Amino acid sequence: MDSQALKLKDVTYWYPGTEKCALEKINLEIKTGEFVGIVGANGAGRSTLCYCMNGLVPHSLGGKMEGEIIVHGIDTAKSTTAEIAQWVGLVFSDPEAQLTQLLVADEVAFGPANLGLPREKIAQLVQENLKLVQLDGLEERNTHSLSGGQQQRLAIASVLAMNPDILILDEPTSNLDPRGTYEVFSIVTKLNRENHTTVVMVEYQVDLLAEFADRILVLDHGNIILDGPPGEVFSQVDKLSAVGVQVPQVTKLFRQLDHEAVVHVDQATTPVTVEKGSTELAKVLKKTVDARLS
Amino acid sequence: MISNNHKNNKSQFIPDAARTLVQVKDLVHVYPTGTRALENINVSVGEHEKLAIIGQNGSGKTTLVKHFNGLLQPTEGTILVHGADTRKTRTAVLAKTVGYVFQNPNHQLFCVTVAEELRFGLRNLRLPPDEIEQKVKETIELFKLQPYLDVHPYSLSMGARKLVAIASIFAMGPQLMILDEPTTGQDYESKKILSQVIGMMYESGKSIVFVSHDMSFVAEHADRAIVMSRAHIVFDGSLPDLFIRQDVLNEADLRPPHITQLSQRLSDYGVSPRVLNVAEMVSEVRRCLA
Amino acid sequence: MKTTLYIPGNSILHRLDPRTKMVWMVCAMVSVFILNNPLVPLVVIAVLVTFLLVAVKGKLFENALVRFLPIVILTVTITHGFVNPVGITPIMIGTSPIELPYFGMMKWEGLYYGVLLALRISAVFFASITLVLTTTPEDLVSAIAKIGIPYSYASMFGMSLQMIPIMQEEARIIVQAQRARALRENNLKEKIQALVPLFVPLAVGSMQRTETTAMVLEARAFGAPVKRTELRVIKFNTIDYVLITAFVLFIIFLIVLRVVYGDLSWMYSVRSFWGLFWPVHLSR
Ligand SMILES: Nc1ncnc2c1ncn2[C@@H]1O[C@H](COP(=O)(O)OP(=O)(O)OP(=O)(O)O)[C@@H](O)[C@H]1O
Ligand SMILES: Nc1ncnc2c1ncn2[C@@H]1O[C@H](COP(=O)(O)OP(=O)(O)OP(=O)(O)O)[C@@H](O)[C@H]1O
Ligand SMILES: [Mg+2]
Ligand SMILES: [Mg+2]
């Protein structure tokens, strides 16, 4: 396969009955094996962009689309979502609405069964993936009787079980506890590193995106206004604040320290992760401690 | 990694509770499916408090707060709201004191427009029409809902729906407002609105209980945290105290906010591990460099 | 929380192949229409209810549909008693007929027809709920797919069955939410007023859910151009063959009766309440 997972060319999209477009002239290429984070304010078009990546736009959602979308070598206009879904997995943002089956185990088995995998293999996938999201033991529970976070875990497991080449996650951690959130990031990173799964993730948890993603896209009113590595994107604090995007706490700290002339940091090299931040600060603090000692 | 040098160790945590608003005694809740969601819970919420309930998925947070206004009834134990037993008082009556915002806003919105949604509760309180309109107007301004007034709540995004749900309860002016996961799907601007709302309610002497997984939001807004794990309460105290209790954090699948993590990593250089937000960290760094 | 009509258990009915229950359903429907004789539906109902009681016990009467059945029976019977044009002989209590203004008198023939129809409806009803109450929705869908109906239709059927309890559950949540906003239901008037804001969100909600569900199904490769794996193995056992044979024999027996003796109706000779169910005049 070629090394390009996904390509949008001049894509503009209007939802049915609307005059303002939800996406405007989007040009985007994502390489196989990239981990891309998407951030933006409410209504910026993040979900819509996800729906473009598996053919829901325009097939299921209707409306009008201009431009061309190629996913996994398939022109989405000439295919169906069901067909694309064999390679592209999508976790929706609403945890409850995306559960289709009555029992937890059946929910996970549903996708692999649609792919026609052998029955024994499916049973194994169900077990593995429920364990991965820590829902093992709840196989026979009714999906409607799960807590909000448990439902979201189930939705993630159901898509992971299909072992997609391109994994799209729309706010997958909104209801997860802090460890669960961290684990989702770790799990997709592992898939990304070991299986070269392409990951596209819409998130508000910028602190974790900064730590795990290779590349950040910032959406504003249907346009991609920033695109680059986390350090480069998140250090543009003013620009991000203007479009209603939070910056990682560490970044905010360093910009503030620089602003108040406590510690000088170049905008371009502003730390965005705890790891990097603590190393930087440790250097500065160590100097003071040493100076004091000598 | 927990060092002993927390210099700004505040005095023993005392909830600012002149009067008890909600008192939970020996509460057990078993769902019809047999799941034991709460075991032997004893806790109270005072007047004028900002309380966060946090803990792992499925630990019983939602189940607990649904008892505060009688949406769920205890299998064992009692809940008193201003001294009234929730078993003997109807939800509709409790609703005047306790406002509850559901985790899933879809469970909460049922009117045909956003404006109607805001009026619904006020009408049930039998307020005079001009007072209703006044309150609706104030709420709209605070929550910046002007653009959505005449749209159907279902056509809004999840985040906006949640905001409308919170607004509809806020308008009723309850003594205690319970927010179940208020920050899910909320961007920077909406979180700022939420901060404002919480601040305003607290200023006017009311109490706010919020269930949340967003640790930086919790650190920013709560004075007291209750940590739940596997149907039990495992911690009840202040946030700086919580974030250095590695045992509790592990047990309840929690992680401190990134800024706190950063401060803890630098404790060898004299930085306090009890930092809760960026502003505090800035002054810590200043102090250490001075 | 209950979001399915299925009642778990391990009775004979639960263990039967869903297809056997479908054959039963069809046989029950056909058999009650072969003769115009209330004894046939009575027998069918007796057999089905016995099996059901063994399978789900008292829970049978907790089902909303079962609770609704007596109202259907009464309405059908009484309506036909009054208005069915087959009626000739008025029903007399002492010397006065049972009479309603506008509808006229209740007649024995109409009542017989009404009873027969109500029993037929009940038989068909019990045959159908035997299937739904004792088969998991998943097995039901697999079974329907197995008899040759495309899986997408089968699963649509399964989902629409789930719709009833899901809507019930949703109605419950909405009522909770309304109470949480101080909605009062002290008297009948307030209770009825409370229903209005209940229906709108139910309707809008279910429409939206249908749309999202369609998107979710597709995104999980439902309908992809590969052969779907059947997750559940369902197959006939001896007991299935025995029961199917029994029902088919029953139908053949009824057909023979019909050919030899006609429709075996005693509509025109009913003169007493018990005569509706048993040909009293013939046994004398
Ligand atoms: N079904 C729809 N019909 C009409 N307009 C829509 C529809 N869905 C979304 N929109 C509009 O399209 C724009 C982009 O929506 P989208 O859902 O992609 O935003 P988002 O970035 O995912 O934000 P959020 O998740 O907070 O909604 C918004 O202005 C929204 O109002
Ligand atoms: N309606 C229900 N019927 C049966 N069990 C339920 C129901 N709702 C929740 N549970 C179970 O009760 C336990 C507590 O659930 P609860 O919703 O209170 O958790 P929570 O702490 O709010 O979790 P989350 O962070 O995921 O929202 C869980 O194990 C859940 O599966
Ligand atoms: Mg979205
Ligand atoms: Mg919850």
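Guide: Let's begin with a term: a residue counts as near a molecule if one of its heavy atoms lies within 4 Å of it, and helices are DSSP runs of at least four residues, numbered from the N terminus. Keep in mind as well that this is a predicted model.

With that in hand, look at the shell around ligand 2. Two helices each supply at least two of its residues: α6 (148–160) of chain A and α1 (61–65) of chain B. The site is shared between chains, because residues from chains A, B and C surround ligand 2. There are 22 residues around this ligand, and the ones that come nearest are R141(A), S147(A), Q150(A), T62(B) and T63(B). Sorted by class, the shell has 16 polar residues, four nonpolar ones and two charged ones.

Now zoom in on individual atoms. On the chain A side, R141(A) has a polar side-chain atom 2.4 Å from an oxygen atom of ligand 2. On the chain B side, T63(B) also uses its side chain: an N or O atom there is 2.4 Å from an oxygen atom of the ligand. G58(B) takes part through its backbone instead, with an N or O atom 2.8 Å from a ligand oxygen. As for cover, ligand 2 on its own has 630 Å² of accessible area, and the protein covers 93% of it.

Ligand 1 makes a handy comparison. It lies between chains A and B. Here the shell holds 13 residues, with G43(A), R46(A), S47(A), T48(A) and S157(B) coming nearest. By class they divide into seven polar, four nonpolar and two charged. T48(A) places a polar side-chain atom 2.4 Å from an oxygen atom of ligand 1. Taken alone, ligand 1 exposes 620 Å², of which the protein buries 66%.

Back to the chains. Chain B gives 25 residues to the contact and chain C gives 21. Between them they bury about 2,100 Å², with 57% of that on carbon and sulfur atoms. On the chain B side, the residues that lose the most area to chain C are F110(B), N124(B) and Y154(B), together 28% of what that side buries.

What about charges? The rule finds one salt bridge across this interface. It joins E117(B) to R181(C), whose closest N and O atoms are 2.8 Å apart. The count of residue pairs in polar contact between chains B and C is four. If you'd like to trace the chain B side along its elements, α2 (91–94), α3 (114–124) and α5 (158–170) each give two or more residues to it. The largest share, four residues, comes from α3(B). By class, that side of chain B has 13 nonpolar, eight polar and four charged residues.

Terms used:
Residues are numbered from 1 along each chain as its sequence is written. Chains are lettered from A and ligands numbered from 1 in the order in which they are written. This is a predicted model: local features need pLDDT of at least 70, side-chain atom pairs count only at pLDDT 80 or more; totals for chains, interfaces and linings use all residues. Side-chain values use heavy atoms; hydrogens and water are left out. A polar contact is a pair of N or O atoms within 3.5 Å; within protein, one must be able to donate a hydrogen and the other to accept it, and residues adjacent in sequence count only if both atoms are side-chain atoms. Accessible areas come from the Shrake-Rupley method with a 1.4 Å probe; for residues, only the protein chains shown count as cover. Ala, Val, Leu, Ile, Met, Phe, Trp, Tyr, Cys and Pro count as nonpolar, Asp, Glu, Lys and Arg as charged, and the others, Gly among them, as polar. Contact means heavy atoms within 4.5 Å. Buried area is the accessible area (1.4 Å probe) that two parts lose on being put together, summed over both. A salt bridge is a side-chain nitrogen of Lys or Arg within 4 Å of a carboxyl oxygen of Asp or Glu.
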